[in-house]
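Here is a short report on pockets and salt bridges. Look at the structure before reading on.

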Amino acid sequence: MTDQSMRGFLAALENSGDLHRVDRHVDTRFEIASILSLRERGPAQLFTQVNDGAMPVVGNLYNDRGRFATALGIPRERLDSLCLSALERPIAPRMVDDGPVQQIVHSQPLDIGRLLPVPHWFEREAAPYITAGVIVAKDPDTGRRNVSIARLRLEGGCRLMAGIAKNHHLARIAEKAHHRGHDLEIAVAIGNHAAVLLGSQMYVGLGDDEFDIVGGLLGEPVELVKCKTVDLEVPAHAEIVLEGRLRPADLIEEGTVSEFPGFYVYYGPGIAVEIDCVTHRSDAIYQAILPGYAPEHCLLGAVAIGATLTRDLQRSIPAVRRVLVTDGGMGRLHAIITMHQPRLGEGKRAIMLAMGLVNLLKLVIVVEDDVDPEDPRQVEWSLAARFRGHEDLLVLPGVRADRCDPLHENLVVTKIGMVATTRPGDGDAGGRSEFVRPPQDVFERIRKELHLY
């Protein structure tokens, strides 16, 4: 059986020299945020002495696509195909009687800020935020499970505030509970295996159980354990679980908050949360994801959105090979689609479909599948060599935007598509885009014997 905890990956990082231990005392108030920001691309950071408390903090775990692959036990180049496979062949979870996440149980009265070392991230945010909490809930109409991530701000004692966009499934089922006149039970799992984090971010339909996708990523059922005080199930091998209720009728003003573009934004009030029980391992490690325009925050969404969009586009356009949601586009706003010998007009169709399926996207570039979308030099070459500005450019002003877009005006924005693929006849001998190369026989001989030179 796979190690379904975060700990196996931590051990692997330590063995490879990719885990840096910070043994001096650190403060959750801006100090952890500063260190994770200054070391955003380096080794994962394990803070062993935080606020003089007993619980360590780990951050920058998944700040590279290769880290997700390593955690899932596959080569980096297989990450996309595994995500696609998990979406196509999900595996239902398995219930177990107990799990290490329930070794210690805390009941009311609770002070979350004293129990957990939650970082205070940015200067103009009013309080610390839980940023790696996987929230489990059930649709009150169907009983179907929903698994997602939303920011949770500490409000003192057992009280939190959940910042959830109105179009997110969790907000929709909370609204259903509100119409029924009751709160919505939730559980928040912190310190999870990469499969749980990635699965929670997949763009699937309301009613699809993200834990099934987690199983597909693991290649086996994810083990769940029943919560102590709510009718929900959580990953048995997580580090920490908070059990409580979303209270849709109780709104809390949030003020300014950070968002993935790296700016402060104002979204208005969030939903109050009351926590009734906290369980955790006896030696729990608190996982923190640096929010804002930080690699781990951006990549978590980018990998999941890229996988679901690839699946959805391939259903309509078989020539689509891959969708890469780029780091520079904040892991949300820009994408590169690779296609194999698309027919005339298929590139533009793929762009419009992609923007329709993911309203965050506002720049989509289509390239041939002989171009590596992760190599900006190759993508720019493709634009220089294959993009005809007068025919291959889509400019779509006044399109509905996501509230997170930093440039939207009245929730509309201009979206751009660029098709930089080949056309029939491109590359033919004697044509304008015939590739230069030495004689094939000489080139292949040298390729095989290159180590001798």
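Buried means under 20% relative accessible area, exposed over 50%, and partly exposed in between, with a 1.4 Å probe and protein chains only. The model is predicted: local features need pLDDT of at least 70, side-chain atom pairs count only at pLDDT 80 or more, and totals for chains, interfaces and linings use all residues. Residues are numbered from 1 along each chain as its sequence is written, and side-chain values use heavy atoms, with hydrogens and water left out.

**Salt bridges**

A salt bridge puts a side-chain nitrogen of Lys or Arg within 4 Å of a carboxyl oxygen of Asp or Glu. The whole structure holds 38 of them.

| Pair | N to O distance |
|---|---|
| Arg-114 and Asp-111 | 3.6 Å |
| Asp-312 and Arg-311 | 3.0 Å |
| Glu-374 and Arg-322 | 2.8 Å |

Asp-312 and Arg-311 are both buried. Arg-114 is exposed at 74% relative accessibility. Glu-374 is partly exposed at 30%, while Arg-322 is buried at 19%. One network, joined by salt bridges that share partners, takes in Arg-159, Asp-183, Arg-245, Arg-247, Asp-250, Glu-274 and Asp-276.

**Largest pocket**

A pocket is an open set of points on a 1 Å grid over the protein atoms alone, where a 1.4 Å probe fits, with protein on both sides within 12 Å along at least five of seven lines; lining residues have an atom within 4 Å of a point. The largest pocket has a volume of about 1100 Å³, the volume being the space filled by probe spheres set on the points. Its lining has 43 residues, and Ile-149, His-168, Gln-201, Tyr-203 and Arg-332 are the closest to the centre.
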